Amino acid sequence: MHRRRRGTTLITSSPTPFALAVDLGGTKIEAALVDDAGRILNGSRFREPTGRDASSEQLAGSVTHVVGKARAALPLDAEVIGIGVGTAGPIDIAGGTVSPLNLPAWRKFPLQSHIESLVPDAPVRLRMDGLCIALAEHWVGAGQGVDDLMGMTVSTGVGGGLILGSRTVTGPTGNAGHIGHVEVGGFDDACWCGGTGCLEAIASGPSTVAWAQGEGWTGSTGEQLAEAYAAGDDVARRAVQRSGRAIGQAIASATNLVDLDLVVIGGGFSRVTPDLLDFARESLAERTEFAFVTRVRIAPSTLSDEAPLIGAAALVHRAELVP
Ligand SMILES: [Zn+2]
């Protein structure tokens, strides 16, 4: 409680409300304090690596560390009113468990109860990271004022989340919006999930790099692919075009299914070149008889790498959108 004496009058004000936001992904976990305007508090953001080779104990320890550090950054006149957790999927909302495809050590790991044990007095709400990205864009990003949108991330994986009629859509298990595992026509790339031709298996950063290498390109990272593309390398151009067109095909399918106004795309590999989104738009535009599909706007995220944390905080600060 913040108190100031002025003369004989005692003025009291409520503590500043913060959400403690957590983002669990295939390569890192982050936590930060986020205020009710969607701003990350300076000095409250902490990160630890995760990864395919991490053990269950290492992952749980990393969660404990970043949550503890972020919580310790809370100012004296502030309080944590809730914890929002965005995580790579699949998840199970009813059980509060996570089974991230790229973290094999965790299958049905009880992440919600683990975090509840770390911060006993604050409610914990767990959702897919893709849904959090949609919430962040709707709250403070490129999707403000748009009632029907899909948020997408194109990075080491491909994720997504839906807001329809200004409400998030989770489905009974929490996995609605998993656009990375929608199968794309004309592709037969094998996917970690067991499927074939999944968008993630085609268009993620590592998938695009692997395809280019198969065509004789000698680089090994998304950053190098971006440089090669900018320099006019033919294989790099075909690789990016292939991924962009697959993204557009998946967006067309999603739009046919749920009728969207806007798709906002973020994530590290989405910035490989602005042309990536143009290739997606070209693919979308081929549905010439379906004006409701070709009218969908595809926009880059305006939130850089903060979207997952801001969206996790929106699970607390914008709880009315999250049934
Ligand atoms: Zn898949």
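Predicted model: local features only at pLDDT ≥ 70, side-chain atom pairs only at ≥ 80, totals over all residues.
What radius of gyration would a compact globule with 323 residues have, and what does the chain have? The rule gives a value near 20 Å, and the chain has 20 Å, which agrees.

Some overall numbers, then. The C-alpha trace spans about 75 × 45 × 40 Å along its principal axes. The secondary structure comes to 10 helices and 14 strands. Of the 323 residues, 53% are buried. If you take the contacts with a separation of 6 or more, 64% come from residues 24 or more positions apart.

The charge count is 26 positive and 35 negative side chains. The centres of those two sets lie 7 Å apart.

Now to helix α2, residues 111-118. Its buried residues include L111, Q112, H114 and I115. As background, an α-helix has 3.6 residues a turn, so residues three or four places apart point the same way. The cover over the buried residues of α2 includes helix α1 (56-72) and the strands β3 (16-24), β6 (78-87), β8 (97-98) and β9 (124-128).

T97 sits in strand β8. With a relative accessible area of 13%, T97 is buried, because the cut-off for buried is under 20%. Leaving out residues up to four places away in sequence, T97 touches I91, D92, K108, F109, P110, L111 and L126. One of these, L111, is a buried residue of α2.

The other is V80, in strand β6. V80 is also buried, at a relative accessible area of 17%. Beyond its neighbours within four places in sequence, V80 is in contact with F18, L20, L33, L74 and A122. V80 and E57 are 23 residues apart along the chain, and their C-alpha atoms are separated by 26 Å.

Next, helix α5, residues 205-214. Which residues of α5 are buried? They are G205, S207, T208, V209 and A212. Their cover includes three helices: α4 (199-203), α6 (222-230) and α7 (234-258). Just after α5, G216 takes a positive phi of about 105°.

That brings me to the backbone. Most residues other than glycine have a negative phi, and most peptide bonds are trans. Here are some exceptions.

Where is the cis peptide bond? The bond from G89 to P90 is cis, with omega near 0°. P90 lies in the loop between β6 and β7 (91-92).

K108 is not a glycine, and its phi is positive, near 55°. K108 belongs to the loop between β8 and α2. Is K108 buried or exposed? It is exposed, with a relative accessible area of 66%. K108 is also among the residues that T97 touches.

S166 is another residue that is not a glycine but has a positive phi, about 65°. S166 is found in the loop between β11 (158-164) and β12 (167-169). Its relative accessibility is 21%, and S166 counts as partly exposed.

That is where I will stop.

Technical notes:
Residues numbered from 1 in each chain as written. Heavy atoms only, no water. Helix = DSSP H or I, 4+ residues; strand = E, 2+ residues; numbered from the N terminus. Rg over C-alpha atoms; globule rule 2.2 N^0.38 Å. Buried < 20%, exposed > 50% of the residue type's maximum accessible area, 1.4 Å probe, protein only. Contact = heavy atoms within 4.5 Å. Lys, Arg positive; Asp, Glu negative; His and termini not counted. Charge placed at Lys NZ, Arg CZ, Asp CG, Glu CD.
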